[in-house]
Amino acid sequence: MRAALVLAAVLALAGCASAESTELDASAADQLQTSVVEVATLAADGNVTGAIEQLDALQTTLDDAVAANDVSEERAATIQAAIDAVRADLEALIPEPEPTPTPTVTNEKPGKGTEKPGKPEKPGKP
């Protein structure tokens, strides 16, 4: 069910990368669209880590498009909101690591043949 929500968010993001607007350069739109397809494919395959990595690449592509003035501020904000939503959904799918068990400390007294702390061992006779 959660994967379906992620996929729906990714598909919404795909609409943000459409080249049908003067707010987004056609070349930048193509690059964004390619990254969106990769995110969607990886998410659909259950590869959450790969999808997040591809989402990072999508973020870089968007940042580069903004820097080159290939996307309007309004369109960039819409795409950024979609990226953030998809990232939140994907990160929610990452399983929590298993807690590391705490070792049990016992208060055993040193037994025969063990050295007591702070006292050197006595040398034996040859």
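This is a predicted model: local features need pLDDT of at least 70, side-chain atom pairs count only at pLDDT 80 or more; totals for chains, interfaces and linings use all residues.
The average pLDDT over the chain is 77, and 66% of the residues score at least 70.

Two packed helices are described by the angle between their axes and the distance between the axes. For helix α2 (residues 26–44) and helix α3 (residues 48–67), the angle is about 170° and the axes are 8 Å apart. Because angles over 145 degrees count as roughly antiparallel, α2 is described as roughly antiparallel to α3. The crossing of α2 past α3 is left-handed. On the α2 side, the contact is made by Ala28, Gln31, Leu32, Ser35, Val36, Glu38, Val39, Leu42 and Ala43. Helix α3 contributes Gly50, Ala51, Gln54, Leu55, Leu58, Thr61, Leu62 and Ala65. By residue class, this contact comprises 11 nonpolar, 5 polar and 1 charged.

Gln54, a residue of helix α3, is among those in the contact with α2. Its relative accessibility is 19%, so Gln54 counts as buried, the cut-off being under 20%. When neighbours within four places in sequence are left aside, Gln54 is in contact with Ser35, Glu38, Val39 and Leu42.

The α3 and α4 crossing is left-handed. The residues of α3 that take part are Val48, Ala51, Ile52, Leu55, Asp56, Leu58, Gln59, Leu62 and Val66. They meet Ala76, Ile79, Gln80, Ile83, Val86, Arg87, Leu90 and Glu91 of α4. The residues of this contact divide into 12 nonpolar, 2 polar and 3 charged.

The loop between α3 and α4 contains Asn69. Asn69 is not a glycine, yet its phi is positive, at about 60°. With a relative accessibility of 68%, Asn69 counts as exposed, the cut-off for that class being over 50%.

Conventions
Residues are numbered from 1 along each chain as its sequence is written. Side-chain values use heavy atoms; hydrogens and water are left out. Axes are lines fitted to C-alpha atoms, for helices over the stretch in contact, and angles run from 0 to 180 degrees between N-to-C directions. Helices (H or I, at least four residues) and strands (E, at least two) are DSSP runs, numbered from the N terminus. Angles under 35 degrees count as roughly parallel, over 145 as roughly antiparallel, 65 to 115 as roughly perpendicular and the rest as oblique. A crossing is left-handed if the near helix is turned anticlockwise from the far one by less than a right angle, and right-handed if clockwise. Contact means heavy atoms within 4.5 Å. Ala, Val, Leu, Ile, Met, Phe, Trp, Tyr, Cys and Pro count as nonpolar, Asp, Glu, Lys and Arg as charged, and the others, Gly among them, as polar. pLDDT is the predictor's confidence in each residue, from 0 to 100. Buried means under 20% relative accessible area, exposed over 50%, partly exposed in between (1.4 Å probe, protein chains only).
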